[in-house]
Each structure stands twice: as structure tokens, then as C-alpha cells.
Amino acid sequence: MQPRNMSMSGVVDLAAVKAAGEAKAKAEQARAQAARQGGTAAVAPSALVIDVDEAGFERDVLQRSAEVPVVIDFWAEWCQPCKQLGPLLERLAVEYNGRFLLAKVDVDANQMLMQQFGIQGIPAVFAVVAGQALPLFQGAAPEAQVRQTLDQLVQVAEERFGLTGIPVDADADPHAAASVPAGPYDALLEAAMSALDAGDLAGAVQAYKNVLADDPGHPEAKLGLAQAELLQRVQSVDPAEVRKKAADDPADVTAQIAAADLDLVGGHVQDAFGRLVDTVRRTAGEDRDAARLRLLELFEVIGPEDPRVTTARQALARALY
């Protein structure tokens, strides 16, 4: 999100799917049994997004994963990045038309599941395919990158496990979408997402700014703007050159700031924060202010509730005072 792993590298690692043959066999057995019972019934689009708790996890996630990839969105009401990522995943679940099922898990009410998946921060997104758990990404992410991740997941599910999804009856709840009123900034936020999809980072930045001009505290626009500006900053830099400058001259504040951006985009959140805290500690005046302000911007990318942000804020306070 920021994505906390914006590069999405290794999102679906085939080598990490252990016992794939056994899992595929189980999936095929489950599908065969369903076929003998008349096949899998078509579901309404609204049934592609479900709330899951610990009691129903085996039934709703593990068993269902034998017929369709199940994407798990770990979220909480207090998590601002979750409020950006959640609606995006829900919209894509319907758009992908049964090629995956979205299971939403409230971590406050399901602490055991959070611990079992080893989650350190939210939002966190996993998938279960034929009973096999795969980590996807952590943190809110631009729509283009989320789509790329889901495309990889669907491809793996089909090619490795033979899972082609579940049938959807588009006419089952034709008024479901109409019953949800559009928010006052939906068009602007959609314009920002479309700009990101097209690689128009400047357009995305402006669209988010348009929302914030009217509502400075809008959480989704603040997070989106921080992410888009970060991507915009790293778009034209030479990573090797930036990292060499930062390594050769720790006193080069501009290089340290640029390297911290690259750290964060690469998913190395703590490295990015630590680099800037160290820079703040070593500098004074305008240099210190520049490093401090960039660190605060990166906090916005990750989200204030993330424990890594809390730890870094404490380290920043110690460095300043």
C-alpha cells in the first residue's frame, strides 16, 4: 500500500505451493462429487463476497477452495487503508464473475485466524486454493496492481489445480447494485483509479487532490494521494544510481530520501523508516526537516494504525528530542 509491498514481487510463487498434486486431486474429487449431485449451483453476484469467522472458516474457505480460489481480506473497522482496499476487492469480486470468492475476516473478532496466518499489519490479503494458503499482499494497493495479482492467482488456480470458478447468475439480484447509493466522491475516486490503471500518475494525483480540496480529511483520498505521489517520485529514477549515492554518502540527504522511497516501493517498510530516522538523527536545519517531512509522508502511505508506523513515530520522536 501503500501498499506495504507495492512491487507485488513473488505474489504467486508456484514453488511455494507444497503438495500441489495432492491438493489438485482433492479439488478434482470435490468437483466430481458436486457433479454427481447435480453440479455447482449458480450464485448471485452478491454471494461472491462473504463475511467469514473462525467457526465457519473450514466450511466457507477451506471447503469452498476446492471449487474456486478464495481471497481472504483481513480488515478492521478502525483501519483506514482497509476502507480503500475493501470496496475495491468487493467490486473486483463481482467483476471477475465467479473466478474467485472474496472472504472478509474482521481481525478484531477473529484474533485466532489473524495469528494463524501470521499477520503483522492490516489490510492483509491471502488466498486459499485447493486448501493451500498463499500470501498475496499487505496494505492497500492501486487497482492495477491488485488486478495483476488476481490475474496471476486465477491463472495458477486454473492451470495448476483446474479451478475455473463458480457459475454466477447475473439476474439473481439485478437491483443489488442500484440499492447502494453512490458516494459524493465516487466519480473522482474512480477517475483516480482509472488514471492509475492507465499509468497516468499525474492524473491520479490531481484526482485525489480534487477530493481533498473539498474534504481535506477524506481517508481514501489521503491514502491514494500518498501512494500515487510515491509512485510518481520513483517512476523516473535510476534505482541503482540512487542506491549507490545513498551508500557512498550517508550525509547526502537527497539520496537518502530517494532511497527510502525505493525501499518502501519494494516492500522494505522498516528499512525505509529506519533510513529516514537515522537521517533525521544525523542532520539539522533544512536537511532534518526534509527527511522528517518525507518520513511523515511515508507514514501516510502505510497508514497510521500499522504497528511499524507506531514504532517509527516513537523512534522519530527520540531522534528529534
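A residue is called buried here when its relative accessible area is under 20%, exposed when it is over 50%, and partly exposed in between (1.4 Å probe, protein chains only). Keep that in mind as we turn to strand β4, where Ala124, Phe126 and Val128 on one side and Val125, Ala127 and Val129 on the other are all buried, so that both faces are covered. Helices (H or I, at least four residues) and strands (E, at least two) are DSSP runs, numbered from the N terminus.

Residues are numbered from 1 along each chain as its sequence is written, and side-chain values use heavy atoms, with hydrogens and water left out.

Let's begin with the whole chain. The protein chain has 321 residues, and 47% of them count as buried. Its secondary structure consists of 13 helices and five strands. The accessible surface (Shrake-Rupley method, 1.4 Å probe; for residues, only the protein chains shown count as cover) is about 15100 Å², and carbon and sulfur atoms hold 51% of that area.

How far can you trust the coordinates? The average pLDDT, the predictor's confidence in each residue from 0 to 100, is 82 for the protein chain, and 82% of the residues score at least 70. Over residues 1-24, though, pLDDT stays under 50, and the model has 72 contacts (heavy atoms within 4.5 Å) for this stretch beyond four places in sequence. Where pLDDT is low, the predicted coordinates should not be read in detail.

Now to the sheet. Strands of a sheet pair through backbone hydrogen bonds, either parallel or antiparallel. Two strands are taken as paired if DSSP finds at least two bridges between them. In this model, five strands make an open sheet of mixed pairing, in the order β1-β3-β2-β4-β5. At its edges lie β1 (49-51) and β5 (132-138), each of which pairs on one side only. From one strand to the next, the twist averages 25°.

Walk across the sheet from β1. This strand runs parallel to β3 (residues 101-106), with three bridges between them, and Val49 has Leu102 in β3 as its bridge partner. Helix α3 (residues 80-95) packs on the sheet and touches β1, β2 (70-75), β3, β4 (124-129) and β5, with its direction at about 155° to that of β3. Such axes are lines fitted to C-alpha atoms, for helices over the stretch in contact, and angles run from 0 to 180 degrees between N-to-C directions.

Strand β4 is mostly covered, with six of its six residues buried. On its way to β5, the pairing is again antiparallel, over six bridges, and Val129 faces Gln132 in β5.

The backbone has a few details to look at. Most residues other than glycine have a negative phi, and most peptide bonds are trans. Ala130, in the loop between β4 and β5, has a positive phi of about 50° although it is not a glycine, and it is buried, with a relative accessible area of 12%. Asn97 lies in the loop between α3 and β3 and takes a positive phi near 55°; Asn97 is partly exposed, at a relative accessible area of 45%. Between Ile122 and Pro123 the peptide bond is cis, with omega near 0°, and Pro123 sits in the loop between α4 (111-116) and β4.

Two more spots deserve a visit. A search of the whole structure finds one disulfide, a term for a pair of cysteine sulfur atoms within 2.5 Å. Cys79 and Cys82 form it, their sulfur atoms 2.4 Å apart, and the link is right-handed, with 85° about the S-S bond. Both Cys79 and Cys82 are buried.

Finally, find Leu150 in helix α5 (residues 143-161). Leu150 is buried, with a relative accessible area of 2%. Leaving aside neighbours within four places in sequence, Leu150 is in contact with Val71, Leu92, Tyr96 and Phe100. Leu150 and Ala93 are 57 residues apart in sequence, yet 9.7 Å apart in space, C-alpha to C-alpha.

How values were computed:
Predicted model: local features only at pLDDT ≥ 70, side-chain atom pairs only at ≥ 80, totals over all residues.
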